[in-house]
Amino acid sequence: LIPRLARCLNAAALFAAEDYEPEPRARDAAVTKALGGACRAHFVQDHAIHAPDAIFSGKGTAFKVFTPYAKVWRAQLQPTACRGYSS
């Protein structure tokens with residue numbers, strides 16, 4: 001349905017929230033393929049604070065203990081600037 005709608009609208013781009021589970025990833029890949037080259041698919045980080053492949057140990061492997069993982073997770077948080085807001 002999405003590729004058909006994109007063709008009807010002559011859409012140049014499709015923007016959607018990225019999902020990290022296997023079934024939605026397969027669905028998104030199928031939609032992207034069906035869009036062909038006429039409409040580019042862009043997936044943005046949405047409901048996750050960090051993407052699954054963003055937090056690894058210093059060795060580049062997954063953490064096996066929560067506390068070191070939590071320290072790296074917190075260290076990667078970026079403060080959000082708000083206009084007109086002062087702390």
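Leu1 is exposed, with a relative accessible area of 75%. That residue belongs to the segment before α1, and in this predicted model its C-alpha sits 9.0 Å from that of Val31, a residue 30 places away in sequence. Val31, for its part, is one of the buried residues of α2. So much for the start of the chain; the overall layout comes next.

The protein chain holds 3 helices and 2 strands. Read from the N terminus, the order of elements is α-β-α-β-α. Of the 87 residues in the protein chain, 15% count as buried. As for contacts between residues at least 6 apart in sequence, 62% of them join residues at least 24 apart.

β1 and β2 run parallel and are joined by 5 bridges. Going through the pairing, Leu14 has Ala41 in β2 as its bridge partner, while Phe15 stands opposite His42 in β2. Between the strands comes α2, and β1, α2 and β2 together form a right-handed β-α-β unit.

Helix α2 covers residues 22-35, which makes 14 residues. From first C-alpha to last, α2 reaches 20 Å, close to the 20 Å expected at 1.5 Å a residue. Which residues of α2 are buried? They are Pro24, Asp28, Val31 and Leu35. These four lie on the same side of α2, because they cover an arc of only 60° around the axis. What do the buried residues of α2 pack against? Their partners are α1 (2-9), β1 (13-17) and β2 (40-44). The other side of α2 has exposed residues, namely Pro22, Glu23 and Lys33. Just after the helix, Gly36 takes a positive phi of about 70°.

Setting aside neighbours within four places in sequence, the contacts of Asp28 are with Asp19 and Phe43.

Val44 has its place in strand β2 and counts as partly exposed, at 42% relative accessibility. Not counting residues up to four places away in sequence, Val44 touches Ala16, Ala17 and Glu18.

For context, most residues other than glycine have a negative phi. Asn10 is also exposed, with a relative accessibility of 69%.

The last stretch to consider leads up to α3. Phe56 lies in the loop between β2 and α3 (66-75). Is Phe56 buried, exposed or partly exposed? At 37% relative accessibility, Phe56 is partly exposed, since the value falls between the 20% cut-off for buried and the 50% cut-off for exposed. Leaving out neighbours within four places in sequence, Phe56 makes contact with Thr61, Ala62, Phe63 and Val72. Trp73 is 17 residues away from Phe56 in sequence, and the C-alpha atoms of the pair are 9.1 Å apart.

Terms used
Residues numbered from 1 in each chain as written. Predicted model: local features only at pLDDT ≥ 70, side-chain atom pairs only at ≥ 80, totals over all residues. Heavy atoms only, no water. Buried < 20%, exposed > 50% of the residue type's maximum accessible area, 1.4 Å probe, protein only. Contact = heavy atoms within 4.5 Å. Expected span 1.5 Å × (residues − 1). Arc of directions from axis to C-beta. Pairing = 2+ DSSP bridges. Right-handed = clockwise from strand over helix to strand, strands pointing away.
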